[in-house]
Amino acid sequence: MAPIDGAEVSKHNTKKSCWIVLESKVYDITSFLGQHPGGAAILLKQAGSDATTEFKKYHQLEYVNDLPARSDLGPVDPNTLAQLRVPKDTEAKPASETDSDNKIPHVSMVISAPDFETVAKAVLPHKAWIYASSSANTGLSLRTNLDSWPRIQLRPRVLRDVADVDTRRTILGHSSQYPFYLSPMGTLGVIHPEAEPEMVRGAVRKGAHMVVSTASTKSTEQIMQSYLDEQKRLGNASPSKLFFQFYMPVDKKKGLALLGIAKRAGYKGLWITVDTPVLGKRSADRLQQAEEALAVGMEDSTAEWEAGGENAFAPAMGGRVATGQLSPHTTWEDLAWLRKEWNGPIVLKGIQSAEDAKLAMEYECQGILLSNHGGRQQHSAPSALMTLLEIRTYYPEVMGKLEIFLDGGLRDGADVLKALCLGATAVGVGRPYLYALAAYGVQGIERCTDILSEELAIGMRLLGVTSLDQLRPEMVNATSLLNEMWRPEPSTIRSRL
Ligand SMILES: Cc1cc2nc3c(=O)[nH]c(=O)nc-3n(C[C@H](O)[C@H](O)[C@H](O)COP(=O)(O)O)c2cc1C
């Protein structure tokens with residue numbers, strides 16, 4: 001195919017004819033505009049231009065293969081690149097609104113995990129900020145998460161020798177320096193140019209475990225390679241391990257292929273996300289996408305959300321949640337073939353009731369993660385602490401049988417103790433790490449770990465314990481949450497007897 005002139009490409013910058021350049025090749029994506037999970041507007045913004053950099057923030061390059069047949073028009077003439085259209089970057093903040101490097105506080109001035117949020121907000125492009133910070137509907141579930149931790153108080157004991165404390169904890173058979181780990185979060189390419197590998201490097205340096213998202217910007221294998229490289233650099237001395245978070249796609253064959261990749265790459269456990277039969281209503285993302293659509297003259301950006309049903313989606317940063325990527329058909333029975341295929345520990349991520357915790361035990365899972373997805377899925381969802389209290393009350397037999405993890409809203413190392421007193425194995429930390437990555441890259445990941453770990457160690461000493469196995473339910477006062485805990489309707493009680 002003869003090279004295509006950059007000036008020619010630049011003319012195809014409308015809804016009627018939309019071309020883009022990806023890795024020096026020209027693609028006609030006109031027929032794909034209506035199918036793009038992130039909406040057409042985000043593509044139209046790049047029309048007639050070289051979209052490679054923008055594309056790579058969201059997708060692995062092989063996603064190009066998902067474009068309709070015959071979209072590939074051939075190479076762009078390298079001598080004419082200057083004639084390509086330069087997209088108006090509506091995303092970047094005006095210089096006056098952006099903190100320049102010297103306004104970003106030195107990382108040593110970040111004293112508490114929530115401080116990362118302030119810095120991240122200043123440095124992230126608006127759209128990336130919306131992606132990271134957004135939550136479902138009115139934000140109620142996110143607020144519930146944040147508000148739940150302070151509602152439990154610690155009950156310190158004094159006059160015990162607490163000079164030496166040990167914060168180590170074994171998670172799914174793998175010892176970690178901490179009873180917390182880095183939660184899986186997708187599309188980190190929009191948060192930091194090095195994406196997931198940068199986060200992995202920080203986790204390895206600090207000996208923390210991390211769960212890697214299916215929806216990562218970099219491939220499952222690339223992320224594992226970055227882990228292995230960092231381990232090698234450190235003489236394989238870090239206890240850090242990588243687990244794999246799995247989104248069940250509609251197409252079982254695709255699911256099997258993905259499991260195979262994760263297994264061969266050496267991930268240590270499978271965390272199946274079960275709270276996403278569909279994507280929640282991400283209000284801020286929707287507003288942002290509507291603004292983006294209006295900016296390129298489109299008024300119908302909401303039509304696809306309103307369609308509802310299994311094909312409905314909310315934009316997850318340019319569409320990592322495409323039709324078919326999340327299966328609404330998955331049931332408990334699917335765990336049988338998943339287990340056979342994975343042949344290793346399985347954790348269900350997104351358990352929000354005592355009944356489902358008990359089912360997970362009956363279906364012989366190794367762990368459950370009590371989570372409402374950081375307040376991004378169900379509106380008016382319970383906090384993880386509330387679900388933990390429910391399990392303790394109604395199905396105490398689950399405690400001790402399964403490893404129990406919690407996440408959502410945890411922002412202080414001392415709070416980890418509350419979950420552990422109530423029987424949790426460990427807790428997951430999401431946004432604080434994401435904001436730390438945005439603000440300081442690998443240094444931020446290390447700093448965030450140090451902050452949480454120091455708060456945890458101080459908390460243990462002030463509580464009067466020296467190791468995590470000394471934590472007991474009577475070391476917390478959970479009365480405030482217990483008073484609001486779900487009670488079965490009388491009819492339900494009868495049917496259970
Ligand atoms: C930006 C962002 C992306 C996320 N992506 C995923 C994902 O790909 N898979 C998943 O199972 N959970 C995902 N989560 C949920 C987290 O794993 C975790 O449950 C949640 O962030 C914990 O709450 P926290 O952010 O308040 O700590 C994401 C959360 C955020 C904030």
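Which side chain has an N or O atom 2.7 Å from an oxygen atom of the ligand? That side chain belongs to Asp407. This is a predicted model, in which local features need pLDDT of at least 70, side-chain atom pairs count only at pLDDT 80 or more, and totals for chains, interfaces and linings use all residues. Residues are numbered from 1 along each chain as its sequence is written, and side-chain values use heavy atoms, with hydrogens and water left out.

**Ligand surroundings**

- Around the ligand there are 23 residues, of which Pro184, Ser213, Thr273, Asp407 and Gly409 come nearest (a residue counts as near if one of its heavy atoms lies within 4 Å).
- Tyr247 places a polar side-chain atom 2.9 Å from a nitrogen atom of the ligand (a polar contact is a pair of N or O atoms within 3.5 Å).
- Gly186 has a polar backbone atom 3.1 Å from a nitrogen atom of the ligand.

**Helices H7 and H17**

- Helix H7 (residues 195–206) packs on helix H17 (residues 442–463) at an angle of about 40°, the axes being 8 Å apart (helices are DSSP runs of H or I, at least four residues, numbered from the N terminus; axes are lines fitted to C-alpha atoms over the stretch in contact, and angles run from 0 to 180 degrees between N-to-C directions).
- H7 is therefore oblique to H17 (angles under 35 degrees count as roughly parallel, over 145 as roughly antiparallel, 65 to 115 as roughly perpendicular and the rest as oblique).
- The crossing of H7 with H17 is right-handed (the near helix is turned clockwise from the far one by less than a right angle; anticlockwise is left-handed).
- Residues in the contact include Glu198, Met199 and Arg201 of H7, and Val442, Ile445 and Glu446 of H17 (contact means heavy atoms within 4.5 Å).
- The contact of H7 with H17 comprises four nonpolar, two polar and six charged residues (Ala, Val, Leu, Ile, Met, Phe, Trp, Tyr, Cys and Pro count as nonpolar, Asp, Glu, Lys and Arg as charged, and the others as polar).

**Helices H4 and H16**

- Helix H4 (residues 114–123) and helix H16 (residues 431–440) have axes 8 Å apart, at an angle of about 50°.
- H4 and H16 are therefore oblique to each other, and H4 passes H16 in a left-handed crossing.
- Phe116, Glu117, Val119, Ala120 and Val123 of H4 meet Pro432, Tyr435, Ala436, Ala438, Ala439 and Tyr440 of H16.
- By class, the contact of H4 with H16 holds 10 nonpolar, no polar and one charged residues.

How values were computed. Helices (H or I, at least four residues) and strands (E, at least two) are DSSP runs, numbered from the N terminus. A polar contact is a pair of N or O atoms within 3.5 Å; within protein, one must be able to donate a hydrogen and the other to accept it, and residues adjacent in sequence count only if both atoms are side-chain atoms.
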